[in-house]
Amino acid sequence: MIRQDIQAGKNVWTKIYTEKSKSKKRKREPKSKPTIEQVEKVNERNSIKDLAIKMNYNLRPGDLHLKFTYAIEASPKEAKKHAEAAKRKLTGYGIKWFYTIEYENTRLHHHFVLQYIDNEIMNEIWRYGKIFITILDDSGDYRRLATYIIKETNKTFRKEGSVNKRRYSCSRNIETPEPVVKRVKAEETEIDNLKPSDGYYIDRDTIYQSEDPIIGTKYVEFVQIALDSDPPELVGKHKKYTREKDYTRYIEKMRDKQLAMKIECMYATLELECMCRHSKFYHMRCSNLSCDKYRV
């Protein structure tokens with residue numbers, strides 16, 4: 001079993017799941033096609049978790065949740081232009097921000113959760129109506145705010161003609177914490193045997209045990225809360241997963257094998273060439289440009 005802990009602010013998100021078996025003798029479990037409702041439920045839960053982790057990691061007590069409203073109601077197209085202009089100005093100041101728009105069963109308005117800015121910057125980025133200000137509390141736990149944002153936007157972002165096609169957006173300088181990964185015994189996945197990290201306690205209301213509807217592996221998730229205002233850092237192996245790293249490792253492993261391969265085409269037996277597209281990324285193609293047969 002694999003235990004993955006992600007520390008963000010005063011919380012730790014923990015997931016214990018079954019490791020993929022490398023044994024060839026093990027029989028595959030029968031494939032199951034998840035329903036649309038199951039997939040949407042998993043996606044919503046993961047979106048709330050992802051947003052809460054990013055908020056806890058990048059924001060601090062005293063930062064702001066701003067609600068931008070309109071004195072004169074604006075069209076969705078105008079509202080989108082106003083939001084993009086506000087994002088550009090905040091980015092110019094180097095401010096970290098999260099954004100979403102809300103308009104279902106209410107008057108259209110914008111939500112920005114961001115680092116502290118003064119009144120002068122607020123008035124500069126928004127001149128179309130009132131600004132409602134909420135200061136982030138000292139708890140350092142912004143799961144409820146993340147849940148509110150995802151629940152509201154979940155009603156509209158899939159609809160045709162929606163103003164915002166994503167649940168939320170954020171600035172490019174938002175950082176994501178690296179998970180701490182370690183192996184644990186299978187007994188530790190049982191709800192009665194769950195162990196908190198040193199300096200934390202488990203929020204029993206967050207324990208969630210389920211099975212992935214797509215992969216079929218069982219897992220248990222829960223949130224830990226720090227006992228003190230200055231939580232200790234988790235000790236373990238930090239593992240960073242990136243598409244670039246995984247893709248590069250795979251290509252480097254297979255490159256020698258692929259270069260030695262030959263393919264038969266209508267023109268001749270041609271050797272595959274390794275073409276460098278950009279740093280650390282490679283792709284393979286037939287050396288005869290007129291041949292339409294490609295193999296990776």
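Visitor: Contact means heavy atoms within 4.5 Å. On that basis, what does Ile-117 touch, beyond four places in sequence?

Guide: This is a predicted model. In it, Ile-117 touches Leu-64, Leu-66, Leu-90, Ile-95, Met-122 and Ile-125, with residues up to four places away in sequence left out.

Visitor: How many residues are in the largest nonpolar core?

Guide: It has 22 residues. Ile-117 is among those with the most contacts inside it, along with Leu-66, Leu-90, Phe-112, Leu-114 and Ile-125.

Visitor: Which elements each supply at least two residues of that core?

Guide: Strand 3, helix 2, strand 4, strand 5 and helix 3 (119-125). Helix 2 gives the most, with four residues.

Visitor: How many residues are in the other core?

Guide: That one lies apart and has 20 residues, including Ile-48, Leu-51, Ile-53 and Phe-98.

Visitor: Now Lys-87. Buried or exposed?

Guide: Lys-87 has a relative accessible area of 11%, so it is buried; the cut-off is under 20%. Lys-87 sits in helix 2, residues 76-92.

Visitor: What does Lys-87 touch, not counting residues up to four places away in sequence?

Guide: Trp-97, Tyr-99, Phe-112 and Ser-169.

Visitor: Where is Asp-63?

Guide: In the loop between helix 1 (36-58) and strand 3. Asp-63 counts as buried because its relative accessibility is 9%.

Visitor: What is Asp-63 in contact with, neighbours within four places aside?

Guide: Leu-114, Gln-115, Tyr-116, Thr-134, Ile-135 and Leu-136. Asp-63 and Asp-137 are 74 residues apart in sequence, with their C-alpha atoms 8.4 Å apart.

Visitor: And Ile-121: buried or exposed?

Guide: Ile-121 is buried, at 14% relative accessibility. Its place is in helix 3. From Ile-121 to Lys-89 is 32 residues in sequence and 8.9 Å in space, C-alpha to C-alpha.

Visitor: Zooming out, how many helices and strands in the protein chain?

Guide: Five helices and 14 strands. Of the chain's 296 residues, 39% count as buried. Among contacts between residues at least 6 apart in sequence, 70% join residues at least 24 apart. The accessible surface comes to about 19,500 Å², and 49% of it belongs to carbon and sulfur atoms.

Visitor: What's the average pLDDT?

Guide: The protein chain averages 78, and 73% of the residues score at least 70.

Visitor: Where does pLDDT stay under 50?

Guide: Over residues 241-247, which have five contacts beyond four places in sequence. Over residues 259-296 pLDDT is also below 50. That stretch has 63 contacts in the model beyond near neighbours in sequence. Where pLDDT is low, predicted coordinates should not be read in detail.

Notes:
Residues numbered from 1 in each chain as written. Predicted model: local features only at pLDDT ≥ 70, side-chain atom pairs only at ≥ 80, totals over all residues. Heavy atoms only, no water. pLDDT = per-residue confidence, 0-100. Buried < 20%, exposed > 50% of the residue type's maximum accessible area, 1.4 Å probe, protein only. Core = buried A, V, L, I, M, F, W, Y, C linked by side-chain atoms within 4.5 Å. Areas by Shrake-Rupley, 256 points an atom, 1.4 Å probe, with all protein chains shown as cover.
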